[in-house]
Amino acid sequence: MLRTLRRALRPARMRIPARRFTAGIAALPPTAREALGTDVTAGEAIAYNRVRVAIATAVALYRSGYTLPMSDDDLDDAVLALGFPYSAPSPETRASIRAALAVVEADYTVTVTR
């Protein structure tokens, strides 16, 4: 699904291949309509799209060595570098990115390999 953010799951360990964090390298996850179909409600689509941006951004940031705390401007730049079609993420999306990054940082089984 996320070609360049792919992860290989192993017993009690998740390995994420490390790559430089540059614009255009990430394959974007499917949109809400593509993943959930045309019957999706507006609320479900917003929640799904917020989380898809947050997780893809958090994984790219973690893989590139970024840690919390991060400013809003840094998060905006990261979202734009991944090619998501937004001028700036919403405050809720920024909070979701921070939460996803915090989870990845806190989980000792997640390692970056080079």
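Start with α2 and α4, which are oblique to each other (angles under 35 degrees count as roughly parallel, over 145 as roughly antiparallel, 65 to 115 as roughly perpendicular and the rest as oblique). This is a predicted model, in which local features need pLDDT of at least 70, side-chain atom pairs count only at pLDDT 80 or more, and totals for chains, interfaces and linings use all residues. Residues are numbered from 1 along each chain as its sequence is written, and side-chain values use heavy atoms, leaving out hydrogens and water.

**Stop 1: α2 against α4.** Select residues 42-63 for α2 and residues 91-106 for α4. Helices here are DSSP runs (H or I, at least four residues), numbered from the N terminus. The two axes come within 8 Å and cross at roughly 45°. Axes are lines fitted to C-alpha atoms, over the stretch in contact for helices, with angles from 0 to 180 degrees between N-to-C directions. The crossing of α2 and α4 is right-handed (the near helix is turned clockwise from the far one by less than a right angle).

Now show the side chains. From α2, pick R50, V53, A54, T57, A58, L61 and Y62. From α4, pick E92, T93, S96, I97, A100, L101, V104 and E105. Contact means heavy atoms within 4.5 Å. By class, this contact has nine nonpolar, three polar and three charged residues. Ala, Val, Leu, Ile, Met, Phe, Trp, Tyr, Cys and Pro count as nonpolar, Asp, Glu, Lys and Arg as charged, and the others, Gly among them, as polar.

**Stop 2: α2 against α3.** V53, T57 and L61 in α2 meet L75, A78 and V79 in α3. Those residues divide into five nonpolar, one polar and no charged.

**Stop 3: R94.** Go back to α4 and select R94. Is R94 buried or exposed? R94 is buried, at 12% relative accessible area (buried is under 20%, exposed over 50%, partly exposed in between, with a 1.4 Å probe and protein chains only). Its neighbours, beyond four places in sequence, are D72, L75, D76, A88 and P89. Show D76: a polar contact of 2.9 Å joins its side chain to that of R94 (a pair of N or O atoms within 3.5 Å; within protein, one must be able to donate a hydrogen and the other to accept it, and residues adjacent in sequence count only if both atoms are side-chain atoms).

**Stop 4: A35.** Finish in α1, residues 32-36, with A35. A35 is partly exposed, at 39%. Beyond four places in sequence, A35 touches P30 and Y48.

Terms used:
Helices (H or I, at least four residues) and strands (E, at least two) are DSSP runs, numbered from the N terminus.
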